[in-house]
Amino acid sequence: MGIEGDLREEFDRWERAQSATFTALPYVLLAVSVTITLLELPARLPVVLGLSAAAVLWLLWFHSLHPEWHRNRSLMAGYYTGLLAIAAGLAALAPWYCLFAFVGYPQAFEYLTGRWRYAGAAATAVISAMAFLGGISKISAENLWWVWLGVSVLSVALAGAVFYFVEMAYRRNELQKQALAEVHEVNLKLEAALAENAGLHARLLVQAREAGVLDERQRMAREIHDTLAQGLAGILTQLQAAEQTAAEPAVLGRHLANATNLARESLVEARRTVQSVGPSVLAEARLPEAIGEVAGNWSAANDVDAVLTTTGDARPMHTDVEVALLRTAQEALSNVAKHARASRVGLTLSYMPDLVTLDVRDDGVGFEPNAKRANGSTNGGFGLAGMRQRVQRLAGRLDVESEPGRGTAISVTVPAIPAGGER
């Protein structure tokens with residue numbers, strides 16, 4: 001854009017200089033011609049001075065004072081004819097007016113069009129040839145008519161050739177100006193596009209920030225549900241059981257110990273959630289062992305058999321995959337404890353080449369998956385919604401199969417992203 005601006009400025013300077021020169025040149029050449037003629041004192045000086053004054057008035061009226069007339073080609077053609085007539089009269093009387101006659105060339109190019117330009121150049125060449133030979137009186141006295149004719153033909157040919165090349169240069173200059181104008185327009189559109197793109201980029205940054213905030217809120221909600229809420233629910237269950245067995249010290253102690261352990265584990269998990277660290281059980285064991293430990297602790301706390309079966313090549317997975325599967329197991333077991341009244345739970349962790357699945361089945365009371373809940377949702381409450389969000393973030397899926405009196409089966413399928421792999 002800097003180069004384009006420099007070129008435009010250069011064109012503007014050149015055009016201003018050209019316009020000033022074109023405007024002042026006739027007066028300068030006329031002044032020089034009058035000065036030299038006065039020094040020579042020709043015989044018909046009053047006539048020469050009168051024609052010079054007429055030339056000044058003619059130039060002022062058409063060339064300088066009424067620039068709005070310059071677009072009227074017919075009017076300016078008449079002006080040009082009158083100017084050449086005055087120049088011819090002056091050159092015939094005083095040969096030094098050949099200098100003034102030179103203005104016929106640039107004015108023909110400016111005020112005439114097409115072939116008339118070449119006609120004006122030819123007439124100017126003939127007048128200049130007459131002045132070059134000493135004026136009409138000398139040509140007549142020395143019988144130089146044939147010489148004048150030869151010089152005129154040569155001058156017309158040279159003037160025509162020069163006009164042709166000047167016209168070609170003028171056209172090329174016009175094309176360059178047009179191209180520069182188009183480049184300027186493209187640059188303006190590009191600047192507008194860049195400004196619009198900057199605005200879009202700013203809006204995208206705001207949207208990305210808002211999406212990040214929303215995603216973090218959802219993550220925290222899921223983590224709080226999967227740690228604090230489940231832990232508090234387990235503690236409440238153990239305390240209620242302890243209250244009912246107050247007369248049995250051994251059973252009471254076991255429930256209180258379970259409640260204490262749950263409180264301690266929930267506190268650890270809450271701290272790790274705030275620090276965005278994975279579950280502590282995964283930090284100390286592989287996924288099958290971690291799910292097995294969760295199932296064992298849950299089974300001991302709820303007096304319900306929970307058995308984990310692992311199939312396929314058990315291998316380390318990406319942290320997000322393992323966390324999603326572990327949290328699914330925890331939430332599914334929590335739902336069984338709260339709602340299913342089951343006597344047995346089976347968990348199956350299956351490793352396949354491209355997928356990892358976790359199935360949790362119970363023999364409890366079941367429910368109608370599509371029935372509307374108290375919170376207005378279908379297909380489960382926040383726990384199932386949180387599991388589904390986790391799985392969908394990994395491009396996986398969660399399926400729930402249940403029927404009243406026939407138990408419940410939850411199946412999660414996620415891509416088998418290896419540890420250290422790209423999500």
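Biologist: Which residues touch the most other members of the largest nonpolar core?

Modeller: Those are Tyr79, Tyr97, Phe100 and Met130, in a core of 40 residues. Bear in mind that this is a predicted model.

Biologist: What makes this set a nonpolar core?

Modeller: A nonpolar core takes buried residues of types such as Tyr, Phe and Met, joined through side-chain atoms within 4.5 Å. Tyr79, Tyr97, Phe100 and Met130 are members, so each of them is buried and joined in that way.

Biologist: Which helix gives the most to this core?

Modeller: Helix 3, with 10 residues. Helix 1 (2-40), helix 2 (45-64) and helix 8 (145-244) are among those that supply at least two residues each.

Biologist: With which residues is Tyr79 in contact, leaving aside its neighbours within four places in sequence?

Modeller: Tyr79 is then in contact with Trp58, Leu59, Phe62, His63, Gln107 and Tyr111. They count as contacts because heavy atoms come within 4.5 Å.

Biologist: In what order do the strands of the sheet run, and what is the pairing?

Modeller: Five strands form an open sheet in the order 1-2-3-5-4, with mixed pairing.

Biologist: Why are strand 1 and strand 4 called edge strands?

Modeller: Strand 1 (305-311) and strand 4 (397-402) each pair on one side only.

Biologist: How do you know that strand 1 and strand 2 pair?

Modeller: Pairing needs at least two bridges, and seven bridges join strand 1 to strand 2, so they qualify. These two strands run parallel, and Leu308 stands opposite Leu347 in strand 2. The chain crosses from strand 1 through helix 12 to strand 2, a β-α-β crossover that is left-handed.

Biologist: What makes strand 4 and strand 5 a pair?

Modeller: The same cut-off of at least two bridges applies. Strand 4 and strand 5 (residues 408-415) have six bridges, in the antiparallel sense, so they pair too. There Leu398 stands opposite Val412 in strand 5.

Biologist: Where does helix 12 lie?

Modeller: Helix 12 (residues 319-340) lies across strand 2 (344-351), strand 3 (355-362) and strand 5. Its direction is at about 10 degrees to strand 3.

Biologist: How much of the chain is buried?

Modeller: Buried residues make up 37% of the 423 residues. To count as buried, a residue needs under 20% relative accessible area.

Terms used:
Residues are numbered from 1 along each chain as its sequence is written. This is a predicted model: local features need pLDDT of at least 70, side-chain atom pairs count only at pLDDT 80 or more; totals for chains, interfaces and linings use all residues. Side-chain values use heavy atoms; hydrogens and water are left out. Helices (H or I, at least four residues) and strands (E, at least two) are DSSP runs, numbered from the N terminus. Axes are lines fitted to C-alpha atoms, for helices over the stretch in contact, and angles run from 0 to 180 degrees between N-to-C directions. Buried means under 20% relative accessible area, exposed over 50%, partly exposed in between (1.4 Å probe, protein chains only). A crossover is right-handed if, with the strands pointing away from the viewer, the path from the first strand over the helix to the second runs clockwise.
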